[in-house]
Structures are given as structure tokens and as C-alpha cells.
Amino acid sequence: MRKGLAGVLASLCFTAAATAGVLDDDRADILYHRYDGGGVTIDGPSLLVRKKFAEQYAATASYYIDMVSSASIDVITTASPYAEERKEYGLGFEYLRDKVTYRLGYSNSRENDYDADTAYASISQDMFGDLTTLTLSFARGWDQVFRRGDDTFSDQVDRRVYGVDLSQILTRRLIAGLSFETVTEEGFLNNPYRSVRYLDPESAVGYSYQAEIYPGTRTGSALALRGRYNLAERMAVHGEYRYYTDDWDIRAHTAEVGYTYGLGDNWILDVHYRYHTQDGADFYSDLFPRRDFQNFLARDKELATMTSQTFGFGVSYGFTAPWLSFLQKSSVNLRYDLILFDYDDFRDVRSGGYEPGTEPLYQFDANVLQLFVSGWF
Amino acid sequence: MTRPHALLASLLLLAWPGPSTPARAGTDMRAPAPGFELPTRAGTTVALDELRGQVVMINFWASWCGPCRKEFPVLEQMYRKYKPMGFTLLAVNVEPDTADAERFLADTGVSFPVAFDRENKVSSAYGVSAMPTTLIVDRKGQVRWMHRAYKPGDEDEYLNQVRAMLKEAP
Amino acid sequence: MRKASMVLPAVLAALALGGCAGAEPWVKPYERELLADPVMDWDRDPVSSSYLRHVYESREGARGAAGGAGGGCGCN
């Protein structure tokens, strides 16, 4: 399912960019994350540590836990609420030589019905007077899918991710970036618990369920353009636009704008707005006309025609604590995001008394909270 | 699929250190050091010509540059040790607004002279192409070594070069 | 995919040009103080940004191209 891929792309992202000719500083972060929305609550810790050796090598380690309590709309309508835990750990290694940074990493995500292993490699080169940074990356994922309550079921997903990223300093105040990434997956790409809905005159409610059937492959590409501009001392604005398309016929546009403000020596404030819109997969439908209507059937709202809007802010307080002598610098941080999900072709079947296909369109709000402390040593 | 293989090939291509920029190794040369006159932190003015006869290390630095800040203790050690033998060090700060630099200097005690190149005229004249840049000028006013960038351990090279130049006649 | 086959020659061209380090940078290394400010970092807190990326990718149909290398002080 998407969990493995999210792990892949998340591990690619844990390897934060190193500036030209220098590896990032040693630091440790401890984060508490909490997602609350649509009947689902997921919280847990996330740890990240990085350390340099001889200014040329760096090692990173990460540990992440999701504690899931799910009574989501899918679960309520077709199953029963459940709780589970997902654990993920990652290891990374960086080597810097002149203007080239080599990165290698591995991560593993495990829950009671899904195992995902990911390996990644990337090369980053600075050129043209360190104004340009070009990064090529490659990741490979191997997922094992199981089903709770069915020991006989086991399947796999094979995943490859190719990425190119170009970062360019345009002026003393402006930096721009262009990224392109392709994900190709093969295997059991659907969810062993999820069902699709079809019109069934013989059913009391007018519809029945059958298991979803997905294609065995998926290839998608994303192209993103971003910029960051220094308006004035300690004030920056940023913007980003991403276009995504894949062979399941999903087309998505995502745009984000934000403003970062440094207040005094200690405070950094961020606000941002993100807008995402997507056309659903071509084999997606909220309600099929009959059973076995077509070869591939999906009712996963992730693949629906939908929009999401995010309003978020962050507050960061940096300080040097004399009583933490081994830390050169520390910070405490709070980030909050409100995400509004709106579906154009996924209906809320929890409320009764509607003709199948006329139920209200589903929408929900999610509250995402992050509290973390960071220490540089 | 040919596309992934081609992308992998370009990944390997990048692995070859083709475009080599000598960021680490000191470059040896012999060129007259462009003269300049800059205001110092002490409130006076320093002119390079007045330092003729000594071995002069010129370090271009900025408070926002991590490796520059790391280099300072090393420079302080060198300055203290070799000053009696005819060595001097001039740290040229390249920031247009020196408030952050002055704050850093207040926190980090150094005894060598610090000059302010607010308009970047001297940085430009010396073709500073990396931060930090450390040059060593001999007793006759010729730039003999240029070090672009700083990594811990580079000071060993500085020491060897300075010691060699101190032995030369003015 | 068509887009991929356009990107690759561009990437290889950039790599080849990388060898021609003779291009004079129009932003000098000593002019990068604004770019070195943390507010200009693409990604100040990777532990946080990777979590939020995970939140979106497990709920939306699009993924990828998060990117974000380069910039900063350009030292060494």
C-alpha cells in the first residue's frame, strides 16, 4: 500500500540537503507528532540524529513510531475500529569530497500486516561557483503485504524511484529549484481490507461490497518548481508548484506559499498555505453500476477526485543553554497544520436514508500537531 | 526499461570526479599582492604596504560562514606563536553590515587585527572565490599560497608554509 | 514517458557543462550572507518536513519531487 512508498520518500527526505562543500551540522531531534482527523488518530515519537566524522563523513539514524487508532470512514462502514502500531528505523551515510556529496541509506518499516524495506543512493554536485547544485537519486523498495486474520495471504510490491533535482541561486536574494521524480511500482498495490461499492437492488441498503482490484503496476511522475526569496533582513517568502501524473490517470496540482520571519536572535515564525487538487484514477468510482463492472475497481478515497487545503504555522525558539554544555545550540518548536479534505466523488455512506449515489459528499478536517526539540552538538 | 538504465548511467557519470575544483589544496603561486587600505576593528587603518618585511596571512571571513568561524582559533594560535618572528595576520571581514561580525568577535576573543572590507573592493581585487580564503604573503609582498576553504587539519599546511617563508630574507 | 526523455539529455548536458567551471559566478562567495540565513533554508527541520510529507503522501494520490538541495552559505 502507500505506507511503503511513503517510507521510501520519507527516507529520501530525512537526508536533508548539505550546502556546498560542507556537510550539515551535528544535531539530534526528538519530535512528537499527532494526526487527528476523519476518525483516525495517529501519534508517536520521531527521532533523528546525525553526526559528522572528520568533516568528510556523516552518519544519520532515525526512529519513528505511528500509534494508530482508526475509526475512519472506510473502517466504520466496512470493518471495525482497530489499533495498531507501525515502527520505522533508518540509517544513512554521507561522504563529501570537494563539491560532491554521496549519500546511501536504508530504512525499514514494520507493522503487523506490512513490511517495507527501502534502500536509496544519491549524488549531489555543486557547480558554477557553487550557485548550482544538481542531485541524482535512486531508491529501491521491497514491500511484503500480509492480511490480519488470514495467515495464508502474503504478497509483494517492488518499487523504484528515480529523481533529479536542480537548485540554482539566481541572485543574492533568490534561490530556485526544479525537481523531477518518477515512481514505478509493481505487485500487490491495493489494500487487502478495502472494498468497492456497487448498486445491488437485492441488498437492503441498495448497494453491496466486493474486494477492490487494482492493476499490478503503477508509474507516475512529478515535476516541481520552487523558489525562495529574501524580502528583507530575516524575512523570506517561498512558493512551490508541483504537477503529478501517472498511468492510473491521476492528475494533480499542488501549490504552496509561505512566509518565514526571524524575530530577534531567538525566534523564527512560519506561516504557509497549501492547495492540492487531483483528478481521480480512471478505475475509481464511489458506486459501480453492478458487480464486476470492469477489470479494475477502486473506491480508495486517496485515488478520488478531491482537493485539500492546508493552513499551517510554526514557531521556533532557539537558545543556548549553559546547563546543556555539550549542546552548542538548542531549539524548541511547535508546528500546527489544519488540513481540509474535500471529496468530489467519494460519498459518506455512514448516514442512512439516502438513495445509493446521492449520499452527501465526504469531507473532513485533520489537525496535525508537531512538537519537537532540537540540539546541535 | 531504457529510461531507468539511462538515469543510472548518468548517476555513474556524476560519480567520476570530472569537474575538479581545487577547493582543498593550497595553490602555490607568485604574484604581487594588491595593495589596500582598510579600517580596522581597533578604529585605526591598516595598509598592506606598511606590513612589508613581515610574512602576512590574509584571511577573508564572514560571521555567517561556519568554516570561517572554525578557523579562528587556529589562526589565533598561529598569530600568538609566530608574531615574535615577523609574522602577522589580518582577518578581513567581508560583510557590508558588520554588526554580526562585531558580536562574534566580542564572543570569541582574538588578538590579531581584524579589518572591514564593507564594499568588497579588496575581496574582488584578490579574486576571492571561496569562503574562507586564506592567503600567505611573503616578506617581499608576493602572494605565495592561496587556500580556498577550510577543513580542520589545513592548519598543518599553513604552519609549514609560514615557517618556510619566515626563513626568507625580506 | 515523454517528460523523462526530455529531462535526461538536459541533465547530461548540465553534467558535461559542470566540467567547464570557468563560468564566473554572478553571486560571489562573499555576497551570500542573505542566503546563509536560516530563514532561507529550503528545509530547516528535516525531522518535521519528512513527517508532514508522509502525512500527505498517505492521504493523497500524488507523490514525489519534494527536492530541496543547494543554497546556503556556499562555504568550502
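1. In this predicted model, the overall dimensions of chain A follow the expectation for its length. A compact globule of 377 residues would have a radius of gyration near 21 Å, and chain A has 23 Å, which agrees. The C-alpha trace of chain A extends over about 70 × 40 × 40 Å along its principal axes.

2. The secondary structure of chain A consists of 2 helices and 18 strands. Of its 377 residues, 43% are buried. When contacts in chain A between residues at least 6 apart in sequence are considered, 58% of them join residues at least 24 apart.

3. Neighbours within four places in sequence aside, the contacts of A:Phe346 are with A:Asp286, A:Lys301, A:Ala304, A:Leu361 and A:Tyr362. A:Asp43, by comparison, lies 303 residues from A:Phe346 in sequence, with a C-alpha to C-alpha separation of 26 Å.

4. Confidence in chain A should be read with one stretch in mind. The mean pLDDT of chain A is 92, and 95% of the residues score at least 70. Residues 10-20 of chain A, however, have a pLDDT below 50, although the model gives this stretch 50 contacts beyond near neighbours in sequence. Where pLDDT is low, the predicted coordinates should not be read in detail.

5. Chain B contains 5 helices and 8 strands. Beginning at the N terminus, its elements are arranged as α-β-β-β-β-α-β-α-β-α-β-β-α. Buried residues account for 34% of the 170 residues of chain B. Among contacts in chain B with a separation of 6 or more, 74% involve residues 24 or more positions apart.

6. In soluble globular proteins, nonpolar side chains tend to be buried together. The largest nonpolar core in the model has 105 residues, and the residues with the most contacts inside it are A:Ala298, B:Ala62, B:Cys65, B:Val92, B:Met131 and B:Ile136. Strand E4 (residues 55-61) of chain B supplies the largest share of this core, with 6 residues. Apart from this core lies another, of 5 residues, including A:Tyr120, A:Ala139, A:Val161 and A:Val183.

7. B:Ile136, one of the residues with the most contacts inside the largest core, can be examined individually. Excluding neighbours within four places in sequence, B:Ile136 is in contact with B:Val55, B:Met57, B:Arg144, B:Trp145, B:Gln161, B:Val162 and B:Met165.

8. Chain C has 3 helices and 0 strands, in the order α-α-α along the sequence. Of its 76 residues, 62% are buried.

9. At 1.5 Å a residue, its 12 residues should span 16 Å, and the end C-alpha atoms are 16 Å apart, which agrees. Because 11 of the 12 residues of H3(C) are buried, the helix is largely enclosed by the rest of the structure. The buried residues of H3(C) are C:Pro46, C:Val47, C:Ser48, C:Ser49, C:Ser50, C:Tyr51, C:Leu52, C:His54, C:Val55, C:Tyr56 and C:Glu57.

10. The highest confidence in chain C is found in H3(C), at a mean of 95, and the lowest in helix H1 (residues 2-18) of chain C, at 51. Over residues 16-22 of chain C the pLDDT stays under 50, and the model has 8 contacts beyond four places in sequence for them.

11. For the model as a whole, the scores are ipTM 0.92 and pTM 0.88.

Notes
Residues numbered from 1 in each chain as written. Chains lettered and ligands numbered in written order. Predicted model: local features only at pLDDT ≥ 70, side-chain atom pairs only at ≥ 80, totals over all residues. Helix = DSSP H or I, 4+ residues; strand = E, 2+ residues; numbered from the N terminus. Expected span 1.5 Å × (residues − 1). Buried ≥ 20, exposed ≤ 12 C-beta atoms within 10 Å, placed from the backbone. Rg over C-alpha atoms; globule rule 2.2 N^0.38 Å. Contact = placed C-beta atoms within 7 Å. Core = buried A, V, L, I, M, F, W, Y, C linked by C-beta atoms within 7 Å. pLDDT = per-residue confidence, 0-100.
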